[in-house]
Amino acid sequence: MTDSGMQGDNRSITIEKDAISSAIISGNGNKVVIYQYQSERLIEPEETQVPGEIGPNPYKGLLAFQEEDGDRFFGREAQIEKLWNLFRALHENMTQPEAPLRLLPILGPSGSGKSSLARAGLIPELARRSLPGYSLARVAVLVPGTHPVEALATVLARVATNDQTPVEKTKEFERVLKGTSNTTTDTIIYDGLRRIANVLPEIAVSPLVVLVDQFEEVYSLCKDTTERQIFIENLIHAASDRSGCVSVIITLRSDFLGETQRHPALNQVIASKGVIVPAMSEEELRRAITKPAENAGHPLDEAVVTLLLKDTDGREGALPLLQFALTRIWEGLKKGVEPVKTLRDIGGVGGALAQEAERIFDSLNDEEQKIARRVFLGLVQLGEGASDTRRRANVDNLVSYKEQPESVKRVIDRFAHPGVRLVTVSSEKGIETAEVTHEALFANWGKMKQWLDSSRSDIRFGRRLEAAAVEWKQKNKSKGYLLQGKQLQDAQVFHKQQNPNLTLSHLASDFIQKSVNYRRNYYLRLIGFVFIPIILFTISAERQMRISRYWSIYNTAKVQKDSSSKILALQELVKLGVDLSNVNLRNVDLTGINFSGASLNGVNLSGASLNGGNLSNADLSRANLSNANLRGTKLNKTNFTGATMNDTDLSAADLSDAQLEAAIISDVNLENANLNRTNFKNAQINSAKLNDEYLDNALLCATTMFDGKISNRDCLDINTITSSANTNIRPPINSQVCIPGHNGKEVQKSLAITLAKALEIAKCKNQGLSPKIGLEVTLCYYDLQEAKELVRVAESSVNYARAILRDAQALEEAGVGTRFDVLKSQVNLATGNQALINARTKEKIAKIRLSFQLGFPDSVTLLKVDPVKLGGLWNLPLEKIIDLAQKNRKKQQKQHNQIKLEVQEIFISLQSSFDIVQSSNASLVQNRESLRIARLRFQAGVGTQKDVIESEEKLTISERNQIKSIINYNRALAQLKRALSPDN
């Protein structure tokens, strides 16, 4: 078009974007609102400052020109004028019986510029020069894809609702589009588009233009012939309705013209009204090359324009290649490189595309290159009697079942970067899709051509497999749609020997596996119909034989007093599900037995030894446990309802969540037992009172006591943790005035101090107590506690060693001992003395550190401290703790993940420490008993001094381990308190 041919009062247009990404183009008071079916996802460019910046690139590269690019679309003015006149003519005499079908087909080969002419040429022209009688028009732009009716329904729903994601309205419109209207001649008519358009708001003054870009996808991607027919008939009927509410524009690749013969009405309008986009003349190409640069304020010199025209002349599909080369030239200008040099470096118009694709591919590592090859093959629709075309695919479907989605998306983004755009990433209804930006890539990138030539048969088979998997999913994964027979065999071979350059989705992989499983289960059912009764009989008979064998082993071991064989037999009987309720296990040694989950209802275990065993989740309701030894036994979640416990030893046992409701309890030893959430409700107390004497060392948290009341004696008070501390810390004052009873006078030389008192002094000294200071004081106090206890243990160990040395020397003098025993006792004493020295050194260091934290003078000696015991039971689940920490620490909202990780690490440490405490308690009880027995045996002359020494060593180790485990638990508890504090 000449400048004079397109003159008007105002040739300018204004581009805007609204909330749902619709372009609004206006000029001369007219307005065109565009609604897109899919929105492109832009890959964020890297923020870099390039010397010599000359402004944004005015060229489009491989991307088609869009509606908002009308102000930089040059060279097609004559074609725009022609199309506008034809489109206007379609809207004249619409009410006449012979009014033309308002459908304008724009045809041309790949790379001829059809899409750009329609979207950046004709649509903006409708804003400059409106249709007769209208100043406002709405344009619904879509590409058909695999489901063209759904695509049409989606964009219509956006027009109707002005909502970006109108899911329900899309479903409604899709039903309407697929609905039929019966005429008097019983002809089925699909006129849903007409009916929807007629009820759109303001349709009388603002008609709807449906622009179907890349119409060939109706044939290349949509394989459902019924959906294809419905889509085309909706367009035809709406465009022929004399109300004039709907007009249709389509762009179609000319090599798909033969496909339209399946639809006579469409074929006829294409034959009579179709506009073939001609190749651009030299003058038109010159305008397309030079005008964008001139408008950007940096015109290209004549030499490079001449070279570009020469390189483009006679080349099929040259326009996208030309735009791509111009994009590279502009990027070179930004860096100060002359256009002629850039053009020579990229290998001219034809070489730029292939060179860029090759450059990116070579920059990938080996694994990424394999992914890139699979992705590009997944973005090609193989031509069946026609050229290969682009294929739009869900990004998730391009991820092989062997790959991580992030790796695939990272590779796609490399080819979709704003400076490259070989791949376009878009969003359809919230689902990310990808497609090759232009089919010119197929013909000009040699590597791509090689990939296609070597993989065509595998691609076709894989696509058929993927289509079958999608249909299976759409049918709710019905077994009737699974693969069978030869199809399944071929799919298995393809799956196992799959071309490493092809992508098989997770859905397809699951589809094959489910088909294999169904076939296997079918054969198993067939076999089972005949053999399962026999198999069940065999299994039952074998079970009975095993039960008989283990009963025989048990009875034999009982006679021979073989404890290990007896325990093994009973454990195996429990595994076989044998009810041991009626078995008399009175006075039986079952030390360490595993009766977890066993049915022992009413069993007689009086006098039995089960210490160190595992009876968790077992049923011991109404069992007799009088005089039984259950020291250190795991009894969590065990049912003791109605059980009898007279003089039963449950010291260091784990009774958490155990049920002792209505149990008969008398003189039970619960020292160091874990009674977390234990239920004692309605327990009967006979002849002895179960009072604090028995419960002092037990752990009571959410424990249901005899009167039905809940004891939380050892639970941690969450309110004391989450309450805000005074963090307005001022300079320290003279700490002497902070010690109660001293009032600034001289401090006593020796001072007993509790943890609570230490924290009180620290708060006074600092005129406030922050969580950090509180944690530091607490940890220093625990260090001192541990050191003092270890000194006590070491002193006790030294006293034992001295006594043993005296005994060894006396025995040697009496002639019944050996010199070796004396020497060994001396070594043990020396070792004990060294351990005592080390413990006292650690105690001194711990005192100094705590004194420093509290501001005590060097003259003060900290004497007595709290005894080592658990600081409380933590009774909240991890999820609740994390939630509480994040709520309390609102000031650190951006660090929620860091807070979560911190709490998780502390909680794991806390749980681990508590498990070790339980274990060390049980070990301590057992080692004390072992030492008692060893001494009795030695005194009776049936044991040796060696046994006593070894028992002493084991007891010392147990005491040390118990102290360390409790201190470690308390340290973790203190850290957890700080993690929950709002003043971190």
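Helices here are DSSP runs of H or I with at least four residues, and strands are DSSP runs of E with at least two, both numbered from the N terminus.

**Figure 1. Overview of the chain in the predicted model.** By that definition the chain holds 28 helices and 25 strands. The chain has 984 residues, and buried residues make up 49% of them. Of the contacts between residues at least 6 apart in sequence, 62% join residues at least 24 apart. The views that follow show selected places in this predicted model.

**Figure 2. Packing of helices α1 and α2.** Helix α1 covers residues 77–89 and helix α2 covers residues 114–128. Their axes lie 10 Å apart and form an angle of about 60 degrees. Angles of 65 to 115 degrees count as roughly perpendicular and those under 35 as roughly parallel, so α1 and α2 are oblique to each other. The crossing of α1 past α2 is right-handed. On the α1 side the contact is made by Gln79, Ile80, Leu83, Trp84 and Phe87. On the α2 side the contact is made by Leu117, Gly121, Leu122, Glu125 and Leu126.

**Figure 3. Arg129 over the ring of Trp84.** Trp84 is one of the α1 residues that make the contact with α2. Arg129 lies over the face of Trp84, and the distance to the ring centre is 4.0 Å.

**Figure 4. Packing of helices α9 and α10.** Helix α9 spans residues 282–295, and helix α10 spans residues 302–312. The two pack with axes 10 Å apart, at an angle of about 130 degrees. Only angles over 145 degrees count as roughly antiparallel, so α9 is oblique to α10. The crossing of these two helices, α9 and α10, is right-handed. From α9, the residues Glu282, Leu285, Arg286, Ile289 and Thr290 take part in the meeting. Their counterparts in α10 are Glu302, Val305, Leu308, Leu309 and Thr312.

**Figure 5. The aromatic pair of Phe376 and Trp445.** A search of the whole structure finds 9 aromatic pairs. In the pair of Phe376 and Trp445, the ring centres are 5.5 Å apart and the planes stand at 80 degrees. Planes over 60 degrees apart count as edge-to-face, and therefore this pair is edge-to-face. Phe376 belongs to helix α14 (residues 366–378), while Trp445 sits in the loop between α16 (440–444) and α17 (446–474). The pair therefore ties together parts that are 69 residues apart in sequence. Phe376 has a relative accessible area of 1% and is buried. Trp445 is also at 1% relative accessibility and counts as buried.

**Figure 6. The aromatic pair of Trp472 and Phe511.** The rings of Trp472 and Phe511 are 5.2 Å apart, centre to centre, with 40 degrees between the planes, and the pair is tilted. Trp472 lies in helix α17 and Phe511 in helix α19 (residues 506–560), so this pair ties together parts that are 39 residues apart in sequence. Trp472 counts as buried at 2% relative accessibility. Phe511 is buried as well, with a relative accessible area of 0%.

**Figure 7. A cluster of aromatic rings.** Ring pairs link Phe361, Phe376, Phe415 and Trp445 into a cluster.

**Figure 8. Surroundings of Ser616.** Ser616 is found in the loop between α20 (563–575) and β17 (644–646). Its relative accessibility is 8%, and buried means under 20%, so Ser616 counts as buried. Leaving out residues up to four places away in sequence, Ser616 touches Ser596, Gly597, Lys634, Leu635, Asn636 and Thr638.

**Figure 9. Surroundings of Leu878.** Leu878 is in helix α26, which runs over residues 878–888. Leu878 is partly exposed, with a relative accessible area of 21%. Beyond its neighbours within four places in sequence, Leu878 is in contact with Val903, Gln904 and Phe907. Ile908 is 30 residues from Leu878 in sequence, and their C-alpha atoms are 9.2 Å apart in space.

**Figure 10. Ser930 and Ser951.** Ser930 is found in helix α27 (residues 896–939). At 35% relative accessibility, Ser930 is partly exposed.

Technical notes:
Residues are numbered from 1 along each chain as its sequence is written. This is a predicted model: local features need pLDDT of at least 70, side-chain atom pairs count only at pLDDT 80 or more; totals for chains, interfaces and linings use all residues. Side-chain values use heavy atoms; hydrogens and water are left out. Buried means under 20% relative accessible area, exposed over 50%, partly exposed in between (1.4 Å probe, protein chains only). Contact means heavy atoms within 4.5 Å. Rings of Phe, Tyr and Trp (its six-membered ring) pair if their centres lie within 6.5 Å; planes under 30 degrees apart count as stacked, over 60 as edge-to-face and the rest as tilted. A charge sits over a ring if NZ of Lys or CZ of Arg is within 6 Å of the ring centre and within 35 degrees of the ring normal. Axes are lines fitted to C-alpha atoms, for helices over the stretch in contact, and angles run from 0 to 180 degrees between N-to-C directions. A crossing is left-handed if the near helix is turned anticlockwise from the far one by less than a right angle, and right-handed if clockwise.
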